[in-house]
Amino acid sequence: MTMLGGVPILAAEEKPAAAPEGTTNYKGETPPVNVGVIGCGAWGREILKTLSTITFAPVVAVCDHYPAYLRRGANLVPKAEKYADYKELLANKDVQAVIVATPSHLHKEFVLAALKAGKHVYCEAPLATTIDDARAIATAAKKHPKLNFQPGLQNRSDKQIVNLIKFVRSGVVGTNLCGRAQFHKKMSWRIATSNPEREAEMNWRLMNATSGGLVGELGVHQLDIANWFYSATPVSAEGVGALSHYKDDGRDVFDNVSATLRYPNGIYFNYEATIANSFDGEMGMFFGSDAAIMMRERRAWMFKEADAPALGWEVYAKKDQFYKESGMVLKAGATKQDAQTAKAAASDVVDEKSGLQYALENFLINSYNLGAGVKDFLDTYGEGSEDDLKAFLKEQGKNREPAADYQDGYEATATAIKANEAILKEGKLEMGKEWFQLA
Amino acid sequence: MKLKTTYWTWGTVAALTLAVAAQAADSVRLTSKPGSKVSIDGTSSIHEWTVEGAIIKGAFEVEPEFLSDKSLKSVKSLTTDGACPKAEISIPIRSLKSGKQKMDEIMQEAMKATEHKEIVYKLTAMKVKGDVPATGTPVKFDTKGDLTIAGATQPCEMEVTMNRLDDGKVKFIGEKKLKMTDFKIAPPSPQIPGMDRITTGDDITIKFEWLTAPAK
């Protein structure tokens, strides 16, 4: 990595200093929340693996109606009860929180039943593949204020990206002009199976009847960041797409897509995805009159204009070279103190935790705190008026660990669904404000 | 003869019922209402800190005159030695929030919240301090009580102000400076990666606004 002078700012872990005499080393333990996971496909198993690294996330139940997936999921959590029928998992009183990792077009049934059964719910993103389903899920979550609902928009919990957005809110970008995001990865997106009957079921992503397409399934996270970055939802979407490379395998989902979303104040954002070429991978750019921000996976850099106001810490910033440009590294947990250490200078580690781990941890912490708050309130003040409880929960909500809520989930899902619609009809859709509002 | 026995029995029941009713009327019970607030302020080597909560469980039991006689002169438990209203309140430690989950967890560990889930206060003496305004509010009291934190009990004297609110609710307000070490709590000194070790000051101040209303 080219260094352009200055001292790098990194969140490197240092060895704890020897404790001064009389000091205590309380670490604090996060109370556990019992988890049930519905859906043990590849992503469900990734979730199970991540949960196994979290000390306060005992997985007590797993469910999949396909025996081979259930077996593979259960292998990762040998102590968990195994269920082929999700209704039995929901009837298990030990399960406090449910993670729904089924195909997107099937989420609604599981989420609605889980909320009805009094479970906290983490629903993978996108929430759904139709506006009606997404709205039904978000509305149900809204109607259960005593239960924590979190869509699987993990960036909203990822310390690296939460920190970046906070930094952007300080106004460093200047006037927002435009942005773009891309996903480039050569992959068939087809899941191989020796069981022909399972073929269609497993490859739900490849058919428009069951899939949100590339923008729906992959783009939803990047479009969510655009909504978050601009604190807005789009006013229109235009798109084009084509099935060019994988056209002979029976799918009808495009393998190359491009959509332009228009945000208020003239800002536009281009999203582009292909699964037939890998060049330049996954990245996002936000352009403003004072600086451009580049995001690559979980890392970010800032490219300042020469006439932009000085920030005062440029001299400390670690810089990376991109062809003719030099970008200042933006990183959570970076302090000037860290920058003074030799280890920090050598380290190039982004974060020891994954975005998914942050998201699941925050989901469980928020679920516990909400449940505990509701119980303490009702034990102390009785059922009383609904307004008193709502006021209490609103106040308590300010202490929520960073996480997407039902509104964020609905807005990102609706943005992705409408962008996909524009791509499929190769035209322009005006997006009414009311599309993003929940009853 | 049989008839007479029955009369006796009914008479006994009636007498008992009256006695119970009379006893019940000896006190009114004010119970916690939403809108109660509690906070603990402290210091550390990096900045001052505060945890806040909105849960205060408990009840205040006192003679019925407490509600009718705003001068409180006829309320013996608040004016004569040896008598005292009954009050026991508790605050779940997990309901105290700093806004930072990790800080909350460190506080809960320091306060041994797994074994001792609540801060408990039991009133042992409460006497009107100074004059009671004609409106009956605000009134100051000198109070004594037993305060239990992390399983350790210490006597606790403090001045408490009572406000009678327009809607019939009664708010008790007070604050008390304490030392963590008096309750056998070692002030936390957590090590956050990338920072100097943080040390917490021994002195803390607990403040409360306990909103109550007569139980129906």
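**View 1. Domain assignment of chain A in the predicted model.** The assignment, which comes from an automatic or database source, divides chain A into domain 1 (35-154 + 355-405) and domain 2 (159-346). This is a predicted model, in which local features need pLDDT of at least 70, side-chain atom pairs count only at pLDDT 80 or more, and totals for chains, interfaces and linings use all residues. Residues are numbered from 1 along each chain as its sequence is written, and chains are lettered from A and ligands numbered from 1 in the order in which they are written.

**View 2. The contact between the two domains of chain A.** The C-alpha centres of domain 1 and domain 2 of chain A lie 27 Å apart. Contact (C-beta atoms, placed from the backbone, within 7 Å) involves 11 residues of domain 1 of chain A and 13 residues of domain 2 of chain A. The domain 1 side comprises seven nonpolar, four polar and no charged residues; nonpolar denotes Ala, Val, Leu, Ile, Met, Phe, Trp, Tyr, Cys and Pro, charged denotes Asp, Glu, Lys and Arg, and polar the others, Gly among them.

**View 3. Burial and contacts within chain A.** Of the 439 residues in chain A, 43% are buried, that is, have 20 or more other C-beta atoms, placed from the backbone, within 10 Å of their own. Among contacts in chain A with a separation of 6 or more, 73% join residues 24 or more positions apart.

**View 4. Burial and contacts within chain B.** Buried residues account for 32% of the 216 residues of chain B. Of the contacts in chain B between residues at least 6 apart in sequence, 62% link residues at least 24 apart.

Conventions: A residue is buried if 20 or more other C-beta atoms lie within 10 Å of its own, exposed if 12 or fewer, and partly exposed in between; C-beta atoms are placed from the backbone.
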